[in-house]
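Subject: Structure handover

Hello,

Here is the structure for your files. My notes on it follow below.

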Amino acid sequence: MEIECRGDFVEVNSKLYPCTVSLAMDLVGGKWKVVILYHLKDAPKRYSELRKEMPGVTERTLSLQLKQLEEDGLVARQVYGEKPPVRVVYSLTDFGKSCRPVLDAILGWGNEIASREGKFINVSMEGR
């Protein structure tokens, strides 16, 4: 029997999931969580760096998604300094690093789709 089918539900952190796929999707699902994890995959980043690398995300959404990723133990938030302006750096935790193979697979699949069916467009951010 596969692990995802060992019971009617799997419980993690007091939450019930009907299968292990729904558990994984709760952690990384949505439009931006995987993108955030991808941008943190190789090095810690400041909030402003993430915003520049993800121009399509709103500040509110980025903040909320980072907070959820932190609460779920995938991302660590480190604050440097005691009085403003403080420097906040986000990085993957060991648990977050465990999803690197998934991020690489998604990247490879996205690259394949883009190469086969898409085109790359450069847009100047000046005047926006």
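**The largest pocket**

The largest pocket has a volume of about 210 Å³. Of the 13 residues lining this pocket, Ala24, Leu27, Val28, Cys99 and Val102 are the closest to its centre. A pocket here is an open set of points on a 1 Å grid over the protein atoms alone, with protein on both sides within 12 Å along at least five of seven lines, whereas a cavity is a set of points where a 1.4 Å probe fits but cannot get out; lining residues have an atom within 4 Å of a point. Grid points are joined across faces, edges and corners, and the volume is the space filled by probe spheres set on the points.

Helix 1 (20-28) and helix 6 (100-117) each supply at least two residues of the lining. Helix 1 gives the largest share, five residues. By type, the lining of the largest pocket divides into twelve nonpolar residues, one polar and no charged. In that count Ala, Val, Leu, Ile, Met, Phe, Trp, Tyr, Cys and Pro are nonpolar, Asp, Glu, Lys and Arg are charged, and the others, Gly among them, are polar.

**What kind of model this is**

The model is predicted: local features need pLDDT of at least 70 and side-chain atom pairs count only at pLDDT 80 or more, while totals for chains, interfaces and linings use all residues. Residues are numbered from 1 along each chain as its sequence is written, and side-chain values use heavy atoms, with hydrogens and water left out.

**Overall layout**

The protein has six helices and five strands, in the order β-β-α-α-β-α-α-β-β-α-α from the N terminus on. Both kinds of element are DSSP runs numbered from the N terminus: helices are H or I with at least four residues, strands are E with at least two. Along the principal axes, the C-alpha atoms fill a box of roughly 55 × 50 × 25 Å. Of the 128 residues, 23% are buried. Buried means under 20% relative accessible area, exposed over 50%, and partly exposed in between, with a 1.4 Å probe and protein chains only. Among contacts between residues at least 6 apart in sequence, 41% join residues at least 24 apart; a contact means heavy atoms within 4.5 Å.

Three strands form an open sheet in the order 3-5-4, with antiparallel pairing. Strand 3 (45-46) and strand 4 (75-80) are the edge strands, and each pairs on one side only. Two strands count as paired if DSSP finds at least two bridges between them. Strand 4 and strand 5 (residues 87-92) run antiparallel and are joined by six bridges. Within this pair, Ala76 stands opposite Ser91 of strand 5.

Leaving out residues up to four places away in sequence, Lys45 touches His39, Leu40, Leu50, Glu53, Val88, Val89 and Tyr90.

Leu40 belongs to helix 2 (residues 33-40) and is buried at 2% relative accessibility. With residues up to four places away not counted, the residues that Leu40 touches include Lys45, Val75 and Ser91.

**Backbone points to check on screen**

Most residues other than glycine have a negative phi, and most peptide bonds are trans. Asn13 has a positive phi of about 50 degrees, and phi of Ser14 is near 65 degrees. Asn13 is exposed at 71% relative accessible area, and Ser14 is exposed at 68%.

A cis peptide bond, with omega about 0 degrees, joins Pro84 and Pro85. Pro85 is in the loop between strand 4 and strand 5.

Regards
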